[in-house]
There are 2 protein chains.
Amino acid sequence: MTASYKDAPTITVDVNGVPFAYRQVGTGGGVPVVFLHHLTAVLDDWDPAVIDGVASERHVIAFDNRGVGRSGGATPDNVEAMAEDAVAFLEALGLRTVDLVGFSLGGMVAQVVAQKRPDLVRRLVLAGTAPAGGTGGANAGPLLQSAVQQAAEQGKHPKHILFFSPTPTSQAAADAFLARLDERILQDRDTPATNESIGAQVTALAKWEQGTSPAGLATVAQPVLVVNGDEDIMLPTINSFELAQLLPDAQLSIYPDSGHGGIFQHHALFVQQTLEFLRH
Amino acid sequence: MTASYKDAPTITVDVNGVPFAYRQVGTGGGVPVVFLHHLTAVLDDWDPAVIDGVASERHVIAFDNRGVGRSGGATPDNVEAMAEDAVAFLEALGLRTVDLVGFSLGGMVAQVVAQKRPDLVRRLVLAGTAPAGGTGGANAGPLLQSAVQQAAEQGKHPKHILFFSPTPTSQAAADAFLARLDERILQDRDTPATNESIGAQVTALAKWEQGTSPAGLATVAQPVLVVNGDEDIMLPTINSFELAQLLPDAQLSIYPDSGHGGIFQHHALFVQQTLEFLRH
């Protein structure tokens, strides 16, 4: 397997007639760790520092869910269907037990996978995410549009605004994060998410946020590590606290001076805490 | 220096005419780490697993504040005066820079020391504690009395009820914690806290909880690690979240299935996170 995520080829697996794109890196030992992506993301949006860090001890797999990047099909407009697709992908790879790392929308998908298929999931890392019916939701559509406009005015990337704090430290961390994303060779980049796929994901997020009681979380017996930056403006940080409180066996880590993308800003600490958590 | 806290002799230093009792353990290298004790505690109440764990890399000092255990004088009835006494103790030892680990009431004292004497404090670990004017305060007097009564009825130690969750895992962790406290040789135990001292500490805690805006926390420039169990009934866990939010540079860790004494239940994780945090 390749040594670094930036060099990992994009491959596909047939999932009930639809090709799903994925990349893998790291040692083959132990339970594989599968990464579930955020709204608007494709395979190129994963921080190589995070993926390679976890892959220093584990076999890591990242994939584009249905209708995203180079994966075929149409992106569903609800988290439950996304979770079904994720399960189908895991089964297509022949995986019987995995650890899941879900970031943002991917963290919601991971929550549902853990509830629906407890047999498949050993441990969960939920980063920058929220329980269904959480507090002070993102209102993702307008937030994305406003960030794109603000970023254009300031000569920045929307992720400077959406994923990081306005402090100089956090903005410098955003620069470093975006530079890491650019390390990947140009000729094997993923296909950007389409407006159609993003629209479906925004709808899925909105439904999740309007969702009623997240009572199902009480049935998640797996150990969970919940992580976020302390000033998340997309899914306000209090959601991570509440998510940890709702889960029977959750450890919570909140990082200083950082936003929704706190795990990218504090990638060394996140990798260290994740590896320690997954070692058990 | 002795290898383990359970064997560390109790010594005293003259603090402006008053003897303050303390114990020390660990290597002499680097900035010393000073532990600030909880309400009702004396030197014998520190978990040797925590002290020895931190002492594996650092010089650790634990002390009885004024009027507590074998320290002379009368315990003051407010956190500000306790902080002045803590500073006087540090100065009596000739310490110019320390890291502070404050647990519960000791975490409140540490917050004030950091505000009043930023020159003395390099980094802070605040465990099982709350900002002034926090949420859903302990009402410590009645809570202590009720726990003592409940414990007697159930043949348990009050700490089973106050420091741990009612779950079997957490109650077993309480047994293990109490057994570790008993490792210390009987002939060199500290003097238990007097009712007079406990009364003053309860008053100090009540004043802290009724305290108004904790605006001073915004001036704490030091990096802080805030830690608690996820079901603290003495200083409800949301206080730890709020404390981290109020501090400019705070990392938060909440541990699963544990209460006020989460750092004792999860001592290995707490030691690892504290050492990692203090290494920087």
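**Exercise 1. The hairpin of chain B**

In which sense do strand β1 (residues 11-15) of chain B and strand β2 (residues 18-25) of chain B pair, and over how many bridges?

*Solution.* The model is predicted, so local features need pLDDT of at least 70 and side-chain atom pairs pLDDT 80 or more, whereas totals for chains, interfaces and linings use all residues. Residues are numbered from 1 along each chain as its sequence is written, chains are lettered from A and ligands numbered from 1 in the order in which they are written, and side-chain values use heavy atoms, without hydrogens and water.

Step 1. Strands (E, at least two residues) and helices (H or I, at least four) are DSSP runs numbered from the N terminus; two strands pair if DSSP finds at least two bridges between them.

Step 2. β1(B) and β2(B) pair in the antiparallel sense, over five bridges. Ile11(B) stands opposite Tyr22(B) in β2(B).

Step 3. Two residues lie between the strands of this hairpin, and Asn16(B) takes a positive phi near 50°.

**Exercise 2. The hairpin of chain A**

Describe the pairing of β1(A) with β2(A) and the turn between them.

*Solution.* Step 1. Strand β1 (residues 11-15) of chain A runs antiparallel to strand β2 (residues 18-25) of chain A, and five bridges join them. Opposite Val13(A) stands Phe20(A) in β2(A).

Step 1. The hairpin has two residues between its strands, and Asn16(A) in the turn has a positive phi of about 50°.

**Exercise 3. The interface**

Characterise the interface between chain A and chain B by its area and its polar contacts.

*Solution.* Step 1. Contact involves 17 residues of chain A and 17 residues of chain B.

Step 1. The buried area (accessible area, 1.4 Å probe, that two parts lose on being put together, summed over both) is about 1,600 Å², of which carbon and sulfur atoms give 51%. In chain A, Phe241(A), Gln251(A) and Ile254(A) lose the most area to chain B, together 29% of what that side buries.

Step 2. Six residue pairs, both residues at pLDDT 80 or more, are in polar contact. A polar contact is a pair of N or O atoms within 3.5 Å; within protein, one must be able to donate a hydrogen and the other to accept it, and residues adjacent in sequence count only if both atoms are side-chain atoms.

Step 3. On the side of chain A that touches chain B, β8(A) gives the most, with six residues.

Step 4. β8(A) and strand β8 (residues 250-255) of chain B pair in the antiparallel sense over three bridges. Leu252(A) has Ile254(B) as its bridge partner in β8(B).

Note on methods
Contact means heavy atoms within 4.5 Å.
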